[in-house]
Amino acid sequence: MRGERSGSVFSWRSAVRPRTWSKPYCSSTERPVWTNWETRPPWWIAANLQSRLARSSFDKNCFQSVAEKPHMECAVERVTPLVSNPGHICITDQNLYFQPLNGYPEQVIQIKLHGVKRIYKRRHGLRPLGLEVFCSENDFCSDIYLKCYNTADRDEIYYYIATFLENHVTEHTAESYMLQWQRGHLSNYEYLLHLNNLADRSCNDLSQYPVFPWVLEDYSSKQLDLTKPATFRDLSRPVGALNQERLDRLLSRYRGMPDPPFMYGSHYSSPGYVLFYLVRIAPEHMLCVQNGRYDHADRMFNSLGETWKNCLEGATDFKELIPEFYGSDSSFLENKLSLDLGRRQNGSSVGDVVLPLWASDAADFLQKHRTALESHFVSEHLHEWIDLVFGFKQRGSEAVAAHNVFHPLTYEGGIDCDSIQDPDQRIAMLTQILEFGQTPKQLFTSPHPQRITARLHNITHSPSSTSPLSELSLASHSEDSSFEDLTEESRKLVWSNMGNLKLVSSQKIHKEAVTGIAVSRDGSSIFSTSQDSTLKMFSRELTDFQRSVSFSNMALSSCLLLADGQTVVCSSWDNNVYFYSVPFGRRQDTLMGHDDAVSRVCWFDERLYTASWDSTVKVWRCPADSSSNHRRSQFDLLSELEHDAGVNTISLSATGTLLVSGCKDGTVSIWDMSSFSALQQVHCHSGNIHHTAFSPDSRHVLSVGADCCMKVVDVQTGMVISSVKADEEQRCFCWDGSWVLAGGQSGDLLLWDLISNTVTKRIPAHSGAVTTMWMNELCSSVITGGDDRQTKFWKICS
């Protein structure tokens, strides 16, 4: 599901009251969810229903056109809140039809296949039987939710309908939404809606209703202060662990339990909790669950403050919130239907929900509550709650350590209902699963990355910072922050016009593929290396060839120009690194530091970094004094970073505190340059890695490889948060964190939008693979080199 950017919200009014919610009763052939076993239909009623379905078939007289060709037909149930209505589904080459057995609410429901925008496989009762179909892009309430009787039927329907959709598989991944959220293209509210949707949460299934967190702890003050951390709930803990005294009691009981033990006897989301919040707009469903009566008045949803207090102190109350608390429709907080919900023990009648003092009315409460959800504090900590509900702390030892263990029946795979032979036991077990609540499908198995927030961008580096990951939360800034902000805005503007890249000139001065490009600070001189073993120097206009030098008979693999503009450093396949003096026009020195070809060199603050196919990256201290002779005695080896395979590429972060390396075995490694230790090692490619680079804020690393994949890795967690399979190998690139200008194996330049994982522009460039790329600081000029031996100069035309 793709959300609108910058402030749009999903309409939840339809989600609160789907089409069949207005019905205050259940017909004799519908199957409600009951809470008392005595009033629940016996198992033979369900068996009788399935028997009637088996004997009947879809009435093909309901087809819209006699020319329609049926593809398949099977028995299903249409799932709506508290009701599963059995019937038949028939899919043709034009339409999806559902014919309910009892003819309610219509004799047949028709959905045009070409009108389907999204389709999702769902769990139902923790089994892979559900299917939800949407005919709109942004509505969270589907057009129909179906439950099949076996997974094979469900999958056949899914894959057939999917052939009528465009890009539905590639667009709907947790990783792609994560990158959008991190980069600020999705709000916290929108991101949580997407995660709920991907985790099989649906407004049609009360046992899997979308779950949202409590984010505030202050429901008593007259003014809501969103600048104070004490105003907010600790999002790193589940509700049951927020009160230490209660948690100690729960842990004491947990340690004495037989296997499998659990900490909480009730869930944070269940049909009862959903209807507890929505009783004022869906009273008929509360009456259905409560056997025709409302719950006791003192147990109703009376007050925000009281409900939060009970979640903190109650022995069995650990519930979270639902999306309506952050939406725009306040009707669920008001008794607009004038329902007689009873009188409390203090004599007061149950009417509208009592709001905090800081809210003037229900609409004001929702507006401030939504503001709290989108606040800096929540944005910086929401990933911790996601780890608990959708992520790696949901199960296993991490869940135990986080005090996040619920009853085994709430987890997918906790029990196989189909293996239970006794019909009574099977229905009893399924009913318990549906009524108790279900843990969302696990979306992430490693720590979720933190969001990049505006406040973090505006903090400058502290000289005393010693955290190896401090760079991840502090953007690189110059002393003149206003100038940097202007530069950043200029870069964004330039990247938005990157599709207008135009060729200025080209030059063929090498005899073999170009491998490296370096440019002087003023842009007057351009240097290039090649597999023909030569370093070439030419003018900015690429028309005046100035000099050529050869260091050995082996290929040169990369080059860089030191900050003084006087020395060019070249790496070679002969295991050496060469220093070339521009003013004197001769080789200054040679560094013989590896046992195999040197593939790449980097430089930062008198440190030289050399990568080699001997499976090492070496860090050297090398004074950058152009007056010195750079004799080998001045190269001090500071560290040797060991890898399991040959290293093809390395790159430094903007401040030089982090280094990323890409190996021949597909491993991306991220290193802390203060301690020379590995922070992350991620095997994310199936073969050779061609190029890696940090995003400008050093939060992410992008890598491209021989497997035709582009991978984005979160530096802090090591999670692969985006994976794009291209039609060809991408050999080199420049990127700004969201956009990528890549050089392809075909010789084209491809402009990728990582938010949508699509190529927005393809620019013909070289007649062979694009092997190297350079971009200036303002991102307005690009120089490329290719297998065709050409060097090309590009400008962005507005």
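At what angle do helix H6 and helix H12 pack, and how far apart are their axes?

Modeller: A word on the basis comes first. This is a predicted model, in which local features need pLDDT of at least 70 and side-chain atom pairs count only at pLDDT 80 or more, while totals for chains, interfaces and linings use all residues. Residues are numbered from 1 along each chain as its sequence is written, and side-chain values use heavy atoms, with hydrogens and water left out.

Helix H6 spans residues 188–198 and helix H12 residues 376–389; they pack at an angle of about 15°, and their axes are 11 Å apart. Helices (H or I, at least four residues) and strands (E, at least two) are DSSP runs, numbered from the N terminus. Axes are lines fitted to C-alpha atoms, for helices over the stretch in contact, and angles run from 0 to 180 degrees between N-to-C directions.

On the H6 side the contact is made by Asn188, Tyr191, Leu192 and Leu195, and on the H12 side by Val378, Ser379, Leu382, Trp385 and Ile386; contact means heavy atoms within 4.5 Å. By class, seven of these residues are nonpolar, two are polar and none is charged. In this scheme Ala, Val, Leu, Ile, Met, Phe, Trp, Tyr, Cys and Pro count as nonpolar, Asp, Glu, Lys and Arg as charged, and the others, Gly among them, as polar.

Val354 touches Asn302, Ser303 and Leu304, residues up to four places away in sequence not being counted. Val354 and Leu304 are 50 residues apart in sequence, yet 6.3 Å apart in space, C-alpha to C-alpha.

Elsewhere there is a sheet. Its four strands form an open, antiparallel arrangement in the order E22-E23-E24-E25; two strands pair if DSSP finds at least two bridges between them. Strand E22 (647–652) and strand E25 (677–683) are the edge strands, each pairing on one side only. From one strand to the next, the twist averages 20°. Strand E24 (residues 667–672) runs antiparallel to E25 and is joined to E25 by six bridges. Within this pairing, Ile670 has Gln680 of E25 as its bridge partner.
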